[in-house]
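Hi everyone, thanks for coming. Let's look at a structure together and talk about how its pieces meet.

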Amino acid sequence: MEEKKIDEKESIELILQMIQSTKEYIGIGNGNHFLYWGYFTAILAVVIQSIYELTGWRQCGWLWMLMFVFWIFMSIIGKRKCNPVMTYTNKVINHVWYAIGTMFLVTFAVIFTLGIIYNNYKSLDLMMPLSSLYVGIGVSTTGIIIQDKVTAYLPLTGIGIGLYLLAALYQGLSLEIPANLLFGLSFVLIMIIPGHVLNKKENKEC
């Protein structure tokens, strides 16, 4: 059987179709996970900081564990949804986020285990800046794959906030803006704005 050769024009069209299909896959058609995670994290950051300001309850930081509950919820919702189109590009993006999720879980497991061993959970403060770095890398990589400049480059500002928080912790600097709020702001830049940009483009193309 003679194989059909694909010329340069057909190759470009095929790649563009795959990119478009991927944009639809992560866009409004299947629920934009960037917006779900972005808004949940930003709102939770404000809630935790508000509780601390109003009550002085230092242990309110443990409320960040609700992110694991949300993760489970999103996983259940994701399994129930049927995605009719699964291209190679979609699979690549999924594997990027599997890697990001695994990094997050391994990081938390190591830090939490050390906290149990030494009875000191101060290192859990590292989870905020590291989360900004991990998620920022994931979103930026996704943007590069689907060739969307906002999604590719805007998360770098959120990564910058994560690096600032990490440096402040390392050097023992006092922050003028609370770390919780800076972390929430990083997710606005990393996930919420790119999510709305993708949705807007998807609406225009529909």
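Contact here means heavy atoms within 4.5 Å, and helices are DSSP runs of H or I, at least four residues, numbered from the N terminus. This is a predicted model, in which local features need pLDDT of at least 70, side-chain atom pairs count only at pLDDT 80 or more, and totals for chains, interfaces and linings use all residues. Residues are numbered from 1 along each chain as its sequence is written, and side-chain values use heavy atoms, with hydrogens and water left out.

Let's start with two helices. Residues of H5, including Leu133, Gly136 and Ile137, meet residues of H7, among them Ile159, Gly162 and Leu163. Sorted by class, this contact has 11 nonpolar, 5 polar and no charged residues. (Nonpolar covers Ala, Val, Leu, Ile, Met, Phe, Trp, Tyr, Cys and Pro; charged covers Asp, Glu, Lys and Arg; the others, Gly among them, are polar.)

Now, serine 132: where is it found? It is in helix H5. Serine 132 is buried, at a relative accessible area of 0% (buried means under 20%, exposed over 50%, partly exposed in between, with a 1.4 Å probe and protein chains only). Beyond its neighbours within four places in sequence, serine 132 touches Gly158, Ile159, Gly162, Phe183, Ser186, Phe187 and Ile190.

Phenylalanine 183 is buried too, at 1% relative accessible area, and tryptophan 64 counts as buried at 13%.
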